[in-house]
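Visitor: I've just opened this one up. Could you walk me through it?

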Amino acid sequence: MAQVQALAREIKHPILHPVELKADEGLSPDGAAVLAVLLNPSLRAVRAQRALSGAQVLDAGLLPNPELTYSLDVPIGGDTAGRVNAFGLGLNWNVTSLISRTSRVWEAKAHSEAIDLDIAWHEWQVAQGAKAAVYQLWSLQSQIGLLEQVRQQMVENLDHVRKAVSNGFMTASDLNSVQTANSSVNERLLSLEKQADQQRLKLLRLLGLPTDSQIRLSKNLHLPSRIILPNTSLMDGLEQRRLDLLALHHEYDSQEARVRAAVLEQFPRISVGPTINRDTDNLRTTGFSLSIELPIFNRGQGKIAVERATRKKLYDEYITRVFETHSDIEQVESGIRFLNEQIAAAQATETDLRKLVENYRAALTDGRAIALVYYRTWTDLIDAQIKVVDLKGQLAQAVVALELATGFYKIPEADQSSETVSTEFGVEKK
């Protein structure tokens with residue numbers, strides 16, 4: 001844990017910020033994001049590409065080795081008197097490799113930068129997934145806490161109704177109604193507990209932790225009740241901020257260098273080097289050799305066509321990604337605006353129901369109301385609070401999705417105000 005805490009304080013990422021992990025304070029959304037980047041096992045295979053791209057940069061800068069040639073001619077027939085073995089020794093080197101070396105190195109470096117950005121993009125996606133999972137798990141746990149109150153009250157109501165039926169104050173129909181309501185609450189509670197457990201397992205998977213690990217969320221975690229989007233467009237500077245778009249841009253530059261290298265490699269291959277020869281008359285000569293490839297059939301046009309087609313494919317992919325990103329941002333922003341309105345309407349309903357519960361409680365004290373009517377209204381109030389918590393959880397996840405789509409660590413100028421959801425029986429949930 002100490003090692004993880006140290007890594008979290010020193011993490012270096014284009015978007016993520018270092019955090020202080022404190023085990024006694026529980027897991028926060030930002031803490032989960034950093035923890036997922038540090039521990040998620042699926043990111044290890046992605047990071048392995050960094051070593052491969054580094055090796056490719058090294059390989060691109062290496063020059064070809066010189067070629068040593070040797071030949072031996074032994075006289076075996078004719079007038080061999082006084083003849084000696086003839087030999088030839090040559091050292092050749094492909095000088096045309098220098099022509100495309102700059103382009104090849106540029107291509108490898110641009111590809112390496114694209115790999116680094118692509119790794120950072122995968123880390124950002126995993127981090128935001130863990131962050132959203134924390135908000136969802138907190139929302140589900142809060143809803144379970146509220147529904148637990150309803151179940152406890154239902155159990156008490158069921159006991160009271162059974163006694164009232166046995167004493168003749170209530171009918172069997174009243175008992176069936178309460179039993180049905182109790183069963184419905186139990187089914188809802190089981191459904192929420194199932195969702196919470198699945199969300200817990202999802203979070204553990206993103207964090208790279210065993211499935212039997214315990215997760216304690218931060219007590220200071222708050223769900224937003226309203227998000228005020230900035231006046232300026234979140235798409236401004238998107239191409240310079242989104243890591244995947246930057247990676248595609250560098251990959252396009254790398255492919256541009258590949259095209260340039262393919263064009264330069266059309267130049268005929270030339271190898272030159274010194275030679276030393278001796279013929280059978282023991283006459284020794286020295287000089288140099290020159291070999292030139294004749295580009296008659298293959299002038300590299302096939303390779304150039306492939307590299308150009310790949311470059312066009314990358315360009316189209318980049319344009320498509322930009323278009324899809326703009327559409328995603330608009331969709332998430334629209335969802336946030338509607339969630340703001342839904343939460344406001346749900347909170348208004350909750351306020352009205354709270355007032356109604358207070359009136360029924362006063363009437364019940366004075367003997368002017370029936371207990372079952374009061375508890376049904378109180379149950380409606382809890383249901384309204386559950387709905388508010390659920391909508392706030394959706395809003396928190398929408399903000400995480402907007403951060404992911406726009407490449408912002410935090411949405412600028414966003415007002416993430418939160419409210420306390422207080423219940424009649426003293427249990428508070430954010």
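**A first look around**

Guide: Let's start with Leu 91, which has its place in strand β2. Helices (H or I, at least four residues) and strands (E, at least two) are DSSP runs, numbered from the N terminus. This is a predicted model, where local features need pLDDT of at least 70 and side-chain atom pairs count only at pLDDT 80 or more, while totals for chains, interfaces and linings use all residues. Residues are numbered from 1 along each chain as its sequence is written, and side-chain values use heavy atoms, leaving out hydrogens and water.

Visitor: Which strand gives the largest share of the nonpolar patch?

Guide: The patch is on the surface and is formed by Leu 68, Tyr 70, Leu 72, Val 74, Ile 76, Leu 89, Leu 91 and Ile 276, with about 840 Å² of accessible area together. Patch members have over 30% relative accessible area and no salt bridge; nonpolar side chains (Val, Leu, Ile, Met, Phe, Trp, Tyr) are joined within 5 Å, like charges within 9 Å. Accessible areas come from the Shrake-Rupley method with a 1.4 Å probe, and for residues only the protein chains shown count as cover. β1 (67-73) and β2 (86-94) each supply at least two residues, but the largest share, three residues, comes from β1.

Visitor: Which helix holds Asp 30, the partner of Lys 131?

Guide: A salt bridge puts a side-chain nitrogen of Lys or Arg within 4 Å of a carboxyl oxygen of Asp or Glu, and by this rule the count is 23. Lys 131 and Asp 30 make one at 3.4 Å, N to O. The pair links distant parts of the chain, 101 residues apart: Lys 131 sits in helix α4, and Asp 30 in helix α2 (residues 29-39).

Visitor: How do α4 and α6 run relative to each other?

Guide: The axes of α4 (residues 97-166) and α6 (residues 243-264) come within 8 Å and cross at roughly 160°. Axes are lines fitted to C-alpha atoms, for helices over the stretch in contact, with angles from 0 to 180 degrees between N-to-C directions. Angles under 35 degrees count as roughly parallel, over 145 as roughly antiparallel, 65 to 115 as roughly perpendicular and the rest as oblique. So α4 and α6 are roughly antiparallel.

Visitor: What angle do α4 and α8 pack at?

Guide: These two helices are roughly antiparallel to each other. Their axes are 9 Å apart, and the angle is about 175°.
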